[in-house]
Amino acid sequence: MYKIVANWKMYLDVQNSRNLAGHFVKWLEKNGCSELEFTICPSNVALWDVARQLEGSGALLGAQDIARSLQLGAFTAQTAGTQLKEAGCSEVIIGHSEVRQFLGDTDEIVAQKMQTALAHNLIPIVCIGETKEEKASGQTDAIVTQQLHTIFQDQTLNTEIIIAYEPRWAISSVSGGAVCSPEDAAHMHQLIEHTLHEFGNEEQVKKTKILYGGSVTSENIVSYLNEPRIDGTLIGGASAKQEKFQEIVRILLDTYCL
Ligand code: PGA
């Protein structure tokens, strides 16, 4: 089963989030199937409305970040795991490159947030990936391996965790058209899988989904999913535009659910 995560970032206001979620559920209704699992990650202020739209559709609700603190308290502007659960979330994106860039999250903070998410029974979708400069200096493999070591140091894979490999230079809003080829993405997914063996047994590693994210569109999504060990995708920009998202969903349903 492929996992498709739509990260709507801060692209949509609440009304448009509600509308797009409503449309999305209708596209699924006509032709849903068990080969695909969707998670919609709207802005926090839209979580409740989107949750209502997704009800009964089989699609899951996710948040885009979580506070580090296990408890409610004096943490202005942050959102606790309990609050995300109340809103209906079952998953949460952690360590997204924009959170690292604009809010300063480090791998150590990502590790703490992952523990907080797990403590609240939220499945973490942990983002890793190298910058343009790191890639240019040939450090990609070392950086990604190091990120996994820091984030997973005390964690065994005895619970569900999702990894998203997102080369930061390939995110559509900053890539200027640069894309990570499906073959290069597959190489990284194999490296990630190999590294995960340090944290779990064969069966646990197999169960850990590794998603690819970075300029995924209706034109290229199947070529990513066709690669070994690309278990799904994390889609930003193209998932927040109705026509583009509809085309992605249609292609996925046509390809995997006939
Ligand atoms: P993109 O974003 O699909 O717009 O490249 C992916 C992401 O940032 O998660």
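Let me begin with the shell of residues around the ligand, which divides into three nonpolar, seven polar and two charged residues. Please keep in mind throughout that what we are looking at is a predicted model. If you want to find this shell in the structure, the residues around the ligand are Asn-7, Lys-9, His-96, Glu-166, Ile-171, Ser-172, Gly-214, Ser-215, Leu-234, Ile-235, Gly-236 and Gly-237.

Now to the contacts themselves. An N or O atom in the side chain of Lys-9 is 2.7 Å from an oxygen atom of the ligand, and a polar side-chain atom of Glu-166 lies 2.8 Å from a ligand oxygen atom. With Gly-236 it is a polar backbone atom that takes part, and here the distance to an oxygen atom of the ligand is 2.8 Å. How much of the ligand's accessible area does the protein cover? On its own the ligand has 280 Å² of accessible area, and the protein covers 100% of this.

Staying with Lys-9 for a moment, its backbone oxygen is reached by the side chain of Ser-43 at 3.2 Å. Ser-43 lies in the loop between strand S2, residues 36-41, and helix H2, residues 47-54. Is Ser-43 buried or exposed? Its relative accessible area is 14%, and because buried means under 20%, Ser-43 counts as buried.

Ser-215 sits in the loop between strand S7, residues 210-213, and helix H11, residues 221-225, and it is buried, with a relative accessible area of 16%. Arg-229 is also a residue other than glycine with a positive phi, in this case near 70°. Arg-229 is found in the loop between H11 and strand S8, residues 232-235, and at 13% relative accessibility it counts as buried.

Finally, the largest pocket, which has a volume of about 800 Å³. Of the 27 residues that line this pocket, the closest to its centre are Gln-64, Asp-65, Glu-98, Val-99 and Leu-103. Which elements give two or more residues to the lining? They are helix H4, residues 97-103, and helix H5, residues 107-119, and the largest share, four residues, comes from H4. By class, the lining of the largest pocket has twelve nonpolar, nine polar and six charged residues.

Notes: Residues numbered from 1 in each chain as written. Predicted model: local features only at pLDDT ≥ 70, side-chain atom pairs only at ≥ 80, totals over all residues. Heavy atoms only, no water. Near = heavy atom within 4 Å. Polar contact = N/O pair within 3.5 Å; in protein donor to acceptor, adjacent residues only side chain to side chain. Areas by Shrake-Rupley, 256 points an atom, 1.4 Å probe, with all protein chains shown as cover. Nonpolar A, V, L, I, M, F, W, Y, C, P; charged D, E, K, R; others polar. 1 Å grid on protein atoms, 1.4 Å probe; cavity = no way out; pocket = protein on both sides within 12 Å on 5 of 7 lines; lining within 4 Å. Points joined across faces, edges and corners; volume = space filled by probe spheres on them. Buried < 20%, exposed > 50% of the residue type's maximum accessible area, 1.4 Å probe, protein only.
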